[in-house]
Amino acid sequence: MKLQIADLEFEPLIPYEQIQQRVAELAQHINTDFEGKTPIFVGILNGSFMFASDLVKEVTVPCEVTFTKLASYFGGLSQTRTIRDDFDLHVTIEGKDVILVEDIVDTGNTLKYLIEKLLVRNPASITVCSLLFKPDSVIHSIEELKYVAFQIPNVFVVGYGLDYQELGRNLRGIYKKID
Ligand SMILES: O=P(O)(O)OC[C@H]1O[C@H](OP(=O)(O)OP(=O)(O)O)[C@H](O)[C@@H]1O
Ligand SMILES: Nc1nc2[nH]cnc2c(=O)[nH]1
């Protein structure tokens, strides 16, 4: 089933059921790895809102949940050089185990920026959990990236929180751009 979003066509890549299954598996890993701890999940808005919501529902260790907002694609297909820091974390992370929740790691630029910013606040640890990872696109490798639901090729995707021109975030599955 093809999908038109603004001027581009997309086709299905990952169905909703498969996403739910992998999200539950990642949460199980987190439950095991963070047993006895109280991590703080930090969702990176906008793209991570749906993933963060589904992920924390499967988490059974006590945890905090908060969000920060960064943007650099501004609805387009490729990254601009500027990272816009829309809103910062307003909770202290000193001494806490931070789990950053991303929808996608592409060049790694967003996470590099955010991790450098948060490290000076002296968290106990920083770990990254991302729904999608494009290994062929990485410019900055992120050693904190421990949990990945799906590795995908270097294609532009929308759905399940991800947008094209701010559209498509509400789609249940993930769709890839048709060339
Ligand atoms: O690894 P990178 O190349 O930095 O790309 C990943 C970032 O790009 C997207 O954000 P975007 O700027 O599109 O903002 P949004 O989450 O509000 O859609 C996505 O949510 C990641 O934060
Ligand atoms: N919507 C969307 N945002 C991105 N940010 C980095 N890569 C992507 C992508 O493939 N799709």
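Before looking up anything, I note that buried means under 20% relative accessible area, exposed over 50%, and partly exposed in between, with a 1.4 Å probe and protein chains only. I also note that helices (H or I, at least four residues) and strands (E, at least two) are DSSP runs, numbered from the N terminus.

**Ground rules.** This is a predicted model, in which local features need pLDDT of at least 70, side-chain atom pairs count only at pLDDT 80 or more, and totals for chains, interfaces and linings use all residues. Residues are numbered from 1 along each chain as its sequence is written, chains are lettered from A and ligands numbered from 1 in the order in which they are written, and side-chain values use heavy atoms, with hydrogens and water left out.

**Entry 1, the whole chain.** I looked up the secondary structure and found three helices and 10 strands. Along the sequence they run β-β-α-β-α-β-β-β-α-β-β-β-β. The radius of gyration is 16 Å, close to the 16 Å of the globule rule for 179 residues, so the chain is as compact as a globular protein of that length. That radius is taken over C-alpha atoms, and the rule is 2.2 Å times the number of residues to the power 0.38. Along the principal axes, the C-alpha atoms fill a box of roughly 45 × 35 × 25 Å.

Of the 179 residues, 50% are buried. I take contact to mean heavy atoms within 4.5 Å. Among contacts with a separation of 6 or more, 68% join residues 24 or more positions apart. The accessible surface (Shrake-Rupley method, 1.4 Å probe; for residues, only the protein chains shown count as cover) is about 8,800 Å², and carbon and sulfur atoms hold 50% of that surface. I found 17 positive and 25 negative side chains, with the centres of the two sets 3 Å apart. Lys and Arg count as positive and Asp and Glu as negative, while His and the chain ends are not counted. Each charge is placed at NZ of Lys, CZ of Arg, CG of Asp or CD of Glu.

An unreviewed UniProt entry lists residues 16-165 as "domain: Phosphoribosyltransferase". Such annotations may be inferred rather than shown by experiment; the positions follow the numbering used here, and feature names are shortened. Over residues 16-165 I read 25% helix and 30% strand, with the end C-alpha atoms 22 Å apart.

In helix 2 (residues 49-57), I found Met50, Phe51, Ala52, Asp54 and Leu55 buried. These buried residues pack against helix 1 (16-33) and against strands 3 (40-45), 4 (64-71), 6 (97-105) and 7 (125-133).

Buried here are Asn109, Thr110, Leu111, Leu114, Ile115, Lys117 and Leu118. They pack against strands 3, 4, 5, 6 and 7. I picked out Thr110, which sits in helix 3 (residues 109-119). Thr110 has a relative accessible area of 16%, so it is buried. Beyond its neighbours within four places in sequence, Thr110 contacts Leu70, Ser72, Gln79, Ile83 and Glu102.

Arg84 belongs to strand 5 (residues 84-87). Arg84 is partly exposed, because its relative accessible area is 41%. Not counting residues up to four places away in sequence, Arg84 touches Lys69, Leu70, Ala71 and Phe74. Gln18 is 66 residues from Arg84 along the chain, and their C-alpha atoms are separated by 32 Å. Thr127 lies in strand 7 and is buried, at a relative accessible area of 10%. Leaving aside neighbours within four places in sequence, Thr127 is in contact with Phe34, Val98, Ile99, Leu100, Glu144, Lys146 and Tyr147.
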